[in-house]
Amino acid sequence: MGTVSHFQTYVPHNKNAQVGFERTELNQILDLYGRMVAAGNWRDYAMDFTKDVACFHAYRRAAERAEYRIEKRPSLRNKQGQWCLFGEQGMVLKRGHELAPVLAPLERKLMKLVSE
């Protein structure tokens with residue numbers, strides 16, 4: 001029989017493994033992205049995956065720097081939370097353990113865009 005490891009203490013055997021988004025997480029992010037595109041606020045995105053962090057970058061225009069960056073850093077899961085939202089200048093706007101509350105400031109911005 002195999003051995004059972006707790007998820008929080010699990011270390012992948014492959015040293016070259018990279019962090020990625022799960023399907024539900026990516027669905028939440030892309031749902032928000034689609035609504036922001038429909039509102040005319042975002043036009044492009046990029047994703048970056050390394051062994052430590054997975055990033056989703058949202059752009060107003062492709063030639064500019066990212067307006068927002070959503071970062072997943074599993075190494076911070078037991079500390080301040082693995083999710084982080086960065087603004088255009090690189091300042092941390094929101095940090096947390098769950099994705100939905102971290103995306104809340106963008107949801108509020110979207111509501112303002114739609115109501116105007």
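Modeller: Two strands pair if DSSP finds at least two bridges between them. The model here is predicted, with local features needing pLDDT of at least 70 and side-chain atom pairs pLDDT 80 or more, while totals for chains, interfaces and linings use all residues. Residues are numbered from 1 along each chain as its sequence is written, and side-chain values use heavy atoms, without hydrogens and water.

Biologist: How do you know that strand S3 and strand S4 pair?

Modeller: Strand S3 (residues 68-72) and strand S4 (residues 83-86) share 4 bridges in the antiparallel sense. The definition asks for at least two, so they pair. Lysine 72, for instance, has tryptophan 83 of S4 as its bridge partner.

Biologist: What packs on the sheet?

Modeller: Helix H1 (residues 23-38) does, touching S1, strand S2 (54-59), S3 and S4. Touching means contact, that is, heavy atoms within 4.5 Å. The direction of H1 makes about 160 degrees with that of S1 (axes are lines fitted to C-alpha atoms, for helices over the stretch in contact, and angles run from 0 to 180 degrees between N-to-C directions).

Biologist: What makes strand S1 and strand S5 edge strands?

Modeller: The open sheet has 5 strands in the order S1-S2-S3-S4-S5, with antiparallel pairing. S1 (44-49) and S5 (92-96) each pair on one side only. From one strand to the next, the twist averages 15 degrees.

Biologist: How many helices and strands does the protein chain have?

Modeller: The protein chain has 2 helices and 5 strands, running α-β-β-β-β-β-α from the N terminus on. These are DSSP runs numbered from the N terminus: helices are H or I, at least four residues, and strands E, at least two.

Biologist: Why is glutamine 82 called buried?

Modeller: Its relative accessible area is 12%. Buried means under 20%, exposed over 50%, and partly exposed in between (1.4 Å probe, protein chains only), so glutamine 82 is buried. Glutamine 82 lies in the loop between S3 and S4. Leaving out residues up to four places away in sequence, glutamine 82 touches Glu71, Lys72, Arg73, Pro74, Leu76, Arg77, Gly96 and His97.

Biologist: And why is methionine 47 called partly exposed?

Modeller: Methionine 47, in strand S1, has a relative accessible area of 33%.

Biologist: What share of the protein chain counts as buried?

Modeller: Of its 116 residues, 31% count as buried.
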